[in-house]
Amino acid sequence: MAVTQPADLVETEEVSTQAQEGIGQKVLIAVPYVWLLVFFLAPFFIVFKMSLSDIAISIPPYTPTFDLSEGWDGLVALWNALDLENYVWLTEDDLYWKSYVSSLKVASISTLLALLIGYPIAYSMAKAPSEWRSTLVMLIILPFWTSFLIRVYAWVGILKKEGFLNYALMWLGVIDEPLTILNTNTAVYIGIVYSYLPFMVLPLYAVLEKMDGALLEAANDLGCSPIKTFWIITIPLSLPGIIAGCFLVFIPAVGEFVIPDLLGGSNTLMIGKTLWTEFFSNRDWPVASAVAVILLLLLIIPIVLFQKQQEKQMKEDG
Amino acid sequence: METIVKSNQQQVFAPWTDPQNKPLLRFENVTKKFGDFTAVDNLTLDIYEREFFALLGPSGCGKTTMMRMLAGFELPTTGRILLGDNDLKDTPPHKRPVNMMFQSYALFPHMSVEQNIAFGLKQDKRPKQEIKERVEEMLSLVQLEAFAKRKPHQLSGGQKQRVALARSLAKKPKLLLLDEPLGALDKKLREQTQFELMNIQEKLGMTFVIVTHDQEEAMTVASRIAVMDHGRIKQVATPAEIYEYPNSRYVADFLGDVNIVEGRVGVTTGETASLNWAEGQSHLAVSTKERPQSGDTAWIAVRPEKVRISKEMPEEADNCLQGEVWDIGYTGNISTYHVKLANGQMIKAQVANRQHLANRPITWEDSVYVYWEKGAGVLLQS
Ligand SMILES: Nc1ncnc2c1ncn2[C@@H]1O[C@H](COP(=O)(O)OP(=O)(O)OP(=O)(O)O)[C@@H](O)[C@H]1O
Ligand SMILES: [Mg+2]
């Protein structure tokens, strides 16, 4: 007895710690799911339900609404009142699909511009002496210390007719007449590229920085010129960074509202702006919700692609 | 000196003996500094066409740095490197007729084994068919036919090393630099590949410079070996010469096992010098062509396999010392007896195990004699 007792004790202790670990792990895994459920999935279903409702002059401005006091019959009535009318409407008025297409176009071009500007920046950061690099990364992140809204407002001051840019260009003698940049699509591109550039630069920098210099030397050694080496070694190897950067710029740019609203003009058509107008000016919450649901579905495609790519990358690295 | 050549070679390959011969490669007083650290120190060296030249030396002595200067990734701080008659200074790496196998392999991770091997050939815009054939040839050489479509991250360390070797060989360059090409291979595969390398080198008339940590490998493949230390070359000679006649304790010690006895030079008569190595002990005799200064400090180096051991006093021996068996090292084919002399000096003697271990006549703490001929040792003055 005296001998077996301690052994028994040890065993039960072990079992209980294992069980605790199991629960602890499950809780840990559950946290993000709960978070997603509460802050993403639930709101999405509310919006989705709204998109199936009808506009009404009431508070909230749509019908039907949840009314639990009527019990089961109330739920059935609610279900019966829902329809796809708003989605049909989106196809009838060409404003909507034009907004979608225009948003995709603006986002694509901005992404490309951000890539073209971001790549050389990331490349030179990665090639900088190592004691400089963390400072350079800091500088890239630095703008985030100021509110996004304020930075976009600042561009109004720069781009307007009597703004800094025109002043500087005229002073340099490049132009005689001030340029009209503010309230055009050009201003929107400038705004988006400026705001999202760090999201392009950082993933690019991450891959370029850890790239093995010996690979470039090996390519040179085998008779490949430095310029060609850049195209057939550096670019393909930085592809994960390019893809990550492009998605990180493209996805938020599609739904961007603040930038087109502040910097764009009356002919700047973007879905974020249309959504805002629908929601606040027309107070048509059901249609606004339908617009939002379609936007989300549109964005799910690139997000899923992005996920796939990340998984593939993980597999290759592991 | 010239008389020592590999006896199994019918034709003597020794272009370095003829001053008329122009070297393929010439290092002229090359120094390479990183900041104030000198990695390669005033190095002068000729390497001839068709040579299989081995660089041997401890870690960090500048072997890779030398190769990187040849390939063009580093420029000498001072001095010149000539390939034929051309100073390589202004030739960028991709224009040099030199290929290098990297110590870290540097395989392109986004390309398959096949594509890695074909890379250099593609840069030369060789015809498709030729590339295909050459890749197949290289794959079979390194026995990786089954892995042609794999990516580098799906290979083991030794397989990666073989791909790197195949890639550097594919272009059949005039000068091939191999930085520890076989280190990750098992003994059998390594020996096989060594002979393949020698075959290729001979067949294609290429010049190889190889870095290795394995002195046996260097002895096997090389036409000449350079032993380096702290960025300097200590000795350049054929494997036999460098083993039998090292020019310093450093070289003697670096290649193989050696006994070194320190002493003062006594009288030199004819080609025999004597070394006064311990109070009250008879002088040691050693053959030498040099005329060492009497009274100078010098060393006698003698390889353990040239030292004999017995329990009885040998009847006739140039050098005979008495001691006690301190330890016995057994490596299957040979036994190494560590004999402690009266003054504490250790002498190692190697004996081939002609009999089973149980019949060993000499054992621990036996009082024994170790002896060798005067021609078995070398007199070293540094
Ligand atoms: N880029 C560099 N900057 C500073 N020091 C360097 C650089 N490259 C090499 N060295 C130094 O030069 C010395 C020689 O390096 P090298 O790589 O030539 O050694 P090695 O003989 O090839 O050694 P190993 O057998 O370990 O490969 C080392 O002390 C190393 O630290
Ligand atoms: Mg090295």
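# Chat about chain B and ligand 1

Me: Let's begin at ligand 1. What sits 3.2 Å from one of its oxygen atoms?
Reply: A polar backbone atom of C61(B). Keep in mind that this is a predicted model.

Me: Which side chains come up to its oxygen atoms?
Reply: T65(B) is one of them. A polar atom of its side chain lies 2.6 Å from an oxygen atom of ligand 1. Q103(B) is another, with a side-chain N or O atom 2.9 Å from an oxygen atom of the ligand.

Me: How much of ligand 1 does the protein cover?
Reply: 63% of the accessible area. On its own, ligand 1 has 640 Å².

Me: How many residues surround it, and which are closest?
Reply: There are 13 around ligand 1. The closest are S59(B), G60(B), K63(B), T64(B) and T65(B).

Me: What classes are they?
Reply: Seven are polar, four are nonpolar and two are charged.

Me: Which element gives the most to that shell?
Reply: Helix 1 of chain B, with three residues. The elements giving two or more are helix 1 (63–71) and strand 2 (37–47) of chain B.

Me: New topic. What is the strand order in the six-strand sheet?
Reply: The order is 6-7-8-3-9-10, again in chain B. That sheet is open too, and its pairing is mixed.

Me: Which strands stand at the edges there?
Reply: Strand 6 (98–101) and strand 10 (232–237) of chain B.

Me: How much are neighbouring strands turned against each other?
Reply: By 15° on average, direction ignored.

Me: Do strand 7 and strand 8 run parallel or antiparallel?
Reply: Parallel. Five bridges join strand 7 (residues 175–179) to strand 8 (residues 207–211) of chain B. L177(B) stands opposite V209(B) in strand 8.

Me: Which helix packs on this sheet?
Reply: Helix 5 (residues 187–204) of chain B. Helix 5 touches strand 3 (52–56), strand 7 and strand 8 of chain B. Its direction makes about 135° with that of strand 3.

Me: Last one. How do strand 9 and strand 10 pair?
Reply: In the antiparallel sense, over five bridges; strand 9 spans residues 224–229 of chain B. I225(B) has A237(B) as its bridge partner in strand 10.

Me: What about the hairpin of those two strands?
Reply: Two residues lie between the strands of that hairpin in chain B. H230(B) takes a positive phi near 45° there.

Conventions: Residues are numbered from 1 along each chain as its sequence is written. Chains are lettered from A and ligands numbered from 1 in the order in which they are written. This is a predicted model: local features need pLDDT of at least 70, side-chain atom pairs count only at pLDDT 80 or more; totals for chains, interfaces and linings use all residues. Side-chain values use heavy atoms; hydrogens and water are left out. Two strands pair if DSSP finds at least two bridges between them. Helices (H or I, at least four residues) and strands (E, at least two) are DSSP runs, numbered from the N terminus. Axes are lines fitted to C-alpha atoms, for helices over the stretch in contact, and angles run from 0 to 180 degrees between N-to-C directions. Contact means heavy atoms within 4.5 Å. A residue is near a molecule or strand if one of its heavy atoms lies within 4 Å of it. A polar contact is a pair of N or O atoms within 3.5 Å; within protein, one must be able to donate a hydrogen and the other to accept it, and residues adjacent in sequence count only if both atoms are side-chain atoms. Accessible areas come from the Shrake-Rupley method with a 1.4 Å probe; for residues, only the protein chains shown count as cover. Ala, Val, Leu, Ile, Met, Phe, Trp, Tyr, Cys and Pro count as nonpolar, Asp, Glu, Lys and Arg as charged, and the others, Gly among them, as polar.
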